[in-house]
Amino acid sequence: MKMNPNVLDTAQLMGDPSRLSMLMSLLGGRALPANDLARASSISPQTASAHLAKLVAGGLLVHERYGRHKYFRLANWEVAHALEALLAISPSKPVRSLRESDELKRMRHCRTCYDHLAGEVGVALTDRFVALGWLEASGQDYRIHAKGVERLKAWGADTDDDANKRRLYARQCLDWSERRHHLAGYLGAAITNRLFELKWIERVPQGRAILVTSEGMDGLHREFGLRLAK
């Protein structure tokens, strides 16, 4: 446990508009190259490189090299959780274009929050698991019952946490658009991975929005009794 965290340095790193834009661009869990992050922040590649170096040094980002290119991603789920919390407590800003309005609607409907499902769909699926008696709220976490583990395993989700317990297993994450909790942690990521494997959900090019496919609509209703509006 950190005995004396330097909150000011982290707040200053996040407080710069360009750096915050980069962090938000990575909140969907994907790794992106520096040029993409520069364009998302409307700054030059040289300026972006300086900002990215600061974010890596500050422990908010990590990078991986593929050939000649560096790809950047959030350092861990705690960074994502902090960003999502900022979104939840921040006032709304004006929507200035039809394109921005459409993207916001897609984001509110379904998106990824780092590595787990969020938005209307993420909250609805979590609520459904609670209604089925698979999950139960417990403090800041969820407790998963034996029948939930059994059913999710049969569906193909990897519900077995690693032996090192390097992250929380079933965490409540406050959804900024729904103002309610969705399922995060190891279990939330495992369920989301399975949804991608089955092609029940797929990423929309550019941005964090997630599309629930027609197969996903049918599968969520068939497997979990969750009916989503088309």
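Start by selecting G219. Setting aside residues up to four places away in sequence, G219 touches W200 and F224. Contact here means heavy atoms within 4.5 Å.

A word on what is on screen. This is a predicted model: local features need pLDDT of at least 70, side-chain atom pairs count only at pLDDT 80 or more, and totals for chains, interfaces and linings use all residues. Residues are numbered from 1 along each chain as its sequence is written, and side-chain values use heavy atoms, with hydrogens and water left out.

**Stop 1: helix 10**

Keep G219 selected. G219 sits in helix 10, residues 214-224. Helices (DSSP runs of H or I, at least four residues) and strands (runs of E, at least two) are numbered from the N terminus. Is G219 buried or exposed? G219 is buried, with a relative accessible area of 0%. Buried means under 20% relative accessible area, exposed over 50%, and partly exposed in between, with a 1.4 Å probe and protein chains only.

Now select L195. The C-alpha atoms of L195 and G219 are separated by 9.6 Å, and the two residues are 24 apart along the chain.

Next, pick out the buried residues of helix 10: G216, M217, G219, L220 and F224. An α-helix has 3.6 residues a turn, so residues three or four places apart point the same way. What covers these buried residues? The cover includes helix 7, helix 8 (146-155), helix 9 and strand 11 (210-212).

Step off the end of the helix. Just after helix 10, G225 takes a positive phi of about 70 degrees.

**Stop 2: the cavity**

How many cavities of 30 Å³ or more does a search of the whole structure find? The search finds one. On a 1 Å grid over the protein atoms alone, a cavity is a set of points where a 1.4 Å probe fits but cannot get out; lining residues have an atom within 4 Å of a point. The largest cavity has a volume of about 80 Å³. Grid points are joined across faces, edges and corners, and a volume is the space filled by probe spheres set on the points.

Select the lining: L117, G122, L125, T126, F129, L183, G188, I191, T192 and L195. Helix 7 (119-131) and helix 9 (185-197) are the elements that give two or more residues to this lining. Color the lining by class. The cavity lining has six nonpolar, four polar and no charged residues. In this scheme Ala, Val, Leu, Ile, Met, Phe, Trp, Tyr, Cys and Pro are nonpolar, Asp, Glu, Lys and Arg are charged, and the others, Gly among them, are polar.

**Stop 3: E84 and R111**

Jump to E84. E84 lies in helix 5, residues 77-89. E84 is buried, at a relative accessible area of 0%. Which residue forms a salt bridge with E84 at 3.3 Å? Select R111: its closest N and O atoms with E84 are 3.3 Å apart. R111 is in strand 4 (residues 111-113), and the pair links distant parts of the chain, 27 residues apart. Both R111 and E84 are buried. A salt bridge is a side-chain nitrogen of Lys or Arg within 4 Å of a carboxyl oxygen of Asp or Glu.

Leaving aside neighbours within four places in sequence, E84 is in contact with L27, R111, C113, C173, L174, D175, W176, H182 and R208.

**Stop 4: other salt bridges**

The count comes to 12 salt bridges. One of them joins D127 and R180, with the closest N and O atoms 2.4 Å apart. D127 is in helix 7, while R180 is in the loop between strand 8 (171-174) and strand 9 (181-184), 53 residues away. D127 is partly exposed, at 30%. R180 is partly exposed too, at 40%.

Then select D160 and K153. Their side chains meet in a salt bridge of 3.4 Å, N to O. D160 is partly exposed, with a relative accessible area of 47%. K153 is partly exposed, at 42%. Salt bridges that share partners join E84, R111 and D175 into one network.

Show the largest pocket, with a volume of about 1700 Å³. A pocket is an open set of grid points with protein on both sides within 12 Å along at least five of seven lines. Of its 34 lining residues, M24, K93, E100, E103 and M107 are the closest to its centre. Helix 2 (17-25), helix 3 (34-41), helix 5 and helix 6 (98-109) each give two or more residues to the lining. Helix 6 supplies the largest share, seven residues. By class, the pocket lining has 14 nonpolar, nine polar and 11 charged residues.
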